[in-house]
Amino acid sequence: MNQCSVTFLPADITVLVTAGTTVLEAAQKAGLPLKSTCGGAGTCGRCIIKICRGEVQLKGGHLPAALKEEGYTLACQTIIQGDVAIEIPAESLLGKHQVLLQDKGRLQDGLADLPGSYPLEAACEVVTLHLSEPTLTENTSDASRLLAALRREKGMEGKVSLALLQDLPESLRQAGWHVDVTLVRADNRLLRITPAGSGRSFGLAVDLGTTTVVVSLLDLRSGRRIGQGGSYNRQAAYGDDVISRIIHATSSPGGLEELRRAALATINEISNSLLANYGIDPAEVTAAAIAGNTTMSHLLLGVNPKYIRLQPYIPAATEWPALTAGEIGLDINPLAAVQVFPSVASYVGGDIVAGVLFTRLARGEELTLFIDIGTNGEMVLGNKEWLIACACSAGPAFEGSGITYGMRAMEGAVEGVTIDPETFEVELEVIGGGRPAGLCGSGLIDCLAKLRRAGVIDRTGNFQEVATPRLRRTDEGYEFVLAWAAESSHGKDIVITAADIKNLIRSKGAVFAGIQSLLKTVSLDLEAVDRIIIAGGFGNYLHVPNAVEIGLLPDLPAEKYIFAGNTSLKGAELALLSRPAWQEALELGHKMTYLELSAGNLFMEEFVSALFLPHTRLELFPSVTGETSLERRED
């Protein structure tokens with residue numbers, strides 16, 4: 001077939017593709033991942049581009065008429081027929097995910113308020129050995145000499161792989177028979193030999209999220225965190241949610257491999273940057289721990305995830321064998337030990353197991369509700385006696401996806417909203433203090449609460465007729481202007497639409513329905529919960545009273561709430577630094593009972609009841625009192 005030249009502007013990157021390729025696919029090949037919430041179905045309207053010149057075929061898709069008149073189209077619905085030049089607006093590209101660097105220091109230093117502690121027994125250990133030089137009369141092989149020294153000086157029975165043997169003769173002689181040996185403590189497998197005094201050992205803890213990937217670099221010998229980095233998961237070009245990606249992996253030729261490479265490229269890009277910043281040779285990284293949901297683990301390892309989405313929702317595996325970096329494709333020491341966290345079920349994955357590990361939920365007597373609100377809503381209820389977990393299809397709204405001006409919690413994101421109930425004027429709190437670019441999860445929750453309180457929307461989320469130019473009708477329905485074009489960072493009005501509000505109400509309703517389903521399954525009321533741990537990035541900015549006001553979180557005293565941050569990443573760090581912690585993580589995967597919410601009517605009944613602000617049963621939210629401006633006007 002014909003080869004076509006595709007030039008992307010303003011990046012000025014040119015790639016060759018086969019005629020019939022979509023612009024979305026060409027952009028992926030060029031290393032320019034575009035936003036594609038719908039996975040290329042043409043429904044989300046986020047992969048906006050402009051054809052500067054050349055021959056293309058337009059299939060359609062959901063795009064406002066005003067943008068079409070300006071010459072814009074959707075990358076996923078644009079078929080390349082010849083040589084073309086294409087402009088990609090900045091807002092169509094997936095950007096870098098900003099990660100707030102946690103304080104350096106021993107990981108255990110920040111856990112003083114949590115029950116129990118873990119010893120520093122890293123996944124890999126460096127030992128120093130003195131080997132005797134071979135002679136004509138003492139002519140034992142190099143490998144036998146090395147293992148004998150390990151047995152004699154450290155009391156360890158070691159294992160030597162073929163990859164290590166290939167360079168062993170030179171490694172021992174160049175070191176003068178005085179060496180540092182790095183070995184995997186799980187099986188005493190030797191993976192690196194260097195001259196004595198030079199054996200550094202580092203590890204990568206990875207939170208493989210559906211939307212973002214965060215990597216932490218640790219010194220395994222001292223137990224110190226060195227640095228962190230993060231970025232959007234490149235798989236986002238194939239859809240925002242795991243279902244879209246499973247469909248792509250199992251129905252598109254080569255789809256599974258595309259998704260595996262996208263996840264791997266994201267991890268490697270972040271880790272390579274970290275290693276370069278801190279002057280660390282990839283060969284010195286001898287271990288990695290990866291925590292992700294069940295689908296992400298399948299996709300990273302190239303395991304068919306097809307039956308995760310089909311009833312009765314069965315994963316290929318919930319536990320993974322001992323792996324090496326070379327098997328997976330990580331850009332570190334190819335013999336490095338890789339620990340992939342076990343899952344509980346199809347929709348409660350290793351990220352939740354890591355979170356439960358970090359928060360010590362299974363070690364305390366308090367009845368704890370652990371909630372991770374991300375692309376999906378996963379939760380665990382219990383204590384050291386028992387644990388029950390579930391997952392609800394909350395969707396990625398609280399991570400900014402599926403919302404017109406939604407974004408992650410990063411610089412430029414609105415985290416707080418104030419609306420005057422008389423004039424309907426708006427004040428915004430923006431992360432970083434600059435001009436707003438969009439709303440992150442906490443800002444969306446705040447906005448929903450304030451719109452209702454000001455009477456701009458009613459309890460069902462429908463817009464009301466209020467006297468302000470901020471409320472306007474478009475071809476897509478009503479929308480409310482939060483920031484005018486002159487006030488925003490990108491020169492466009494920042495709005496929240498009727499569709500956005502309905503999406504948010506469905507998401508918050510799913511989370512609360514999941515909580516209620518867990519409690520009712522074990523015949524407990526909300527009042528029985530001693531503490532609620534909120535995990536996930538947006539919890540750093542979440543205002544609990546507003547989350548309660550919209551019916552996202554239970555109406556319980558504020559002192560019961562604990563914000564734990566990225567518990568998936570922190571749990572992965574623990575697993576790298578402490579072998580007992582990793583062993584506990586393996587046991588946690590078996591200890592949790594999984595509640596399948598699609599079985600029976602309980603969840604759906606709770607979900608329908610939660611599709612109001614805050615809920616149909618107002619007695620569940622006694623603190624949400626006082627008339628809204630709408631109710632006062634009706635009186």
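In this protein, residues 24 or more positions apart account for 67% of the contacts with a separation of 6 or more, where contact means heavy atoms within 4.5 Å. This is a predicted model, in which local features need pLDDT of at least 70 and side-chain atom pairs count only at pLDDT 80 or more, while totals for chains, interfaces and linings use all residues. Residues are numbered from 1 along each chain as its sequence is written, and side-chain values use heavy atoms, with hydrogens and water left out.

Let's start with the whole protein. Its secondary structure comes to 16 helices and 28 strands; these are DSSP runs numbered from the N terminus, helices being H or I of at least four residues and strands E of at least two. The radius of gyration, taken over C-alpha atoms, is set against a globule rule of 2.2 Å times the number of residues to the power 0.38. With 27 Å, close to the 26 Å that the rule gives for 635 residues, the protein is as compact as a globular protein of that length.

| Property of the protein | Value |
|---|---|
| Box filled by C-alpha atoms, along the principal axes | roughly 105 × 65 × 45 Å |
| Buried residues | 57% of the 635 residues |

Buried means under 20% relative accessible area, exposed over 50%, and partly exposed in between, with a 1.4 Å probe and protein chains only.

Now for the interior. A nonpolar core is a set of buried Ala, Val, Leu, Ile, Met, Phe, Trp, Tyr and Cys residues joined through side-chain atoms within 4.5 Å. The largest one has 102 residues, of which L129, L208, L330, V338, F341 and M592 touch the most other members. Helix α6 (residues 255-277) gives this core its largest share, 8 residues. Another core lies apart from it, with 70 residues that include C390, A449, I496 and L519.

Two strands pair if DSSP finds at least two bridges between them; β20 (residues 413-419) and β21 do so over 5 bridges, in the antiparallel sense. T418 has E427 in β21 as its bridge partner.

S244 counts as buried, at 18% relative accessibility. Leaving out residues up to four places away in sequence, S244 touches C38, Y238 and G239.
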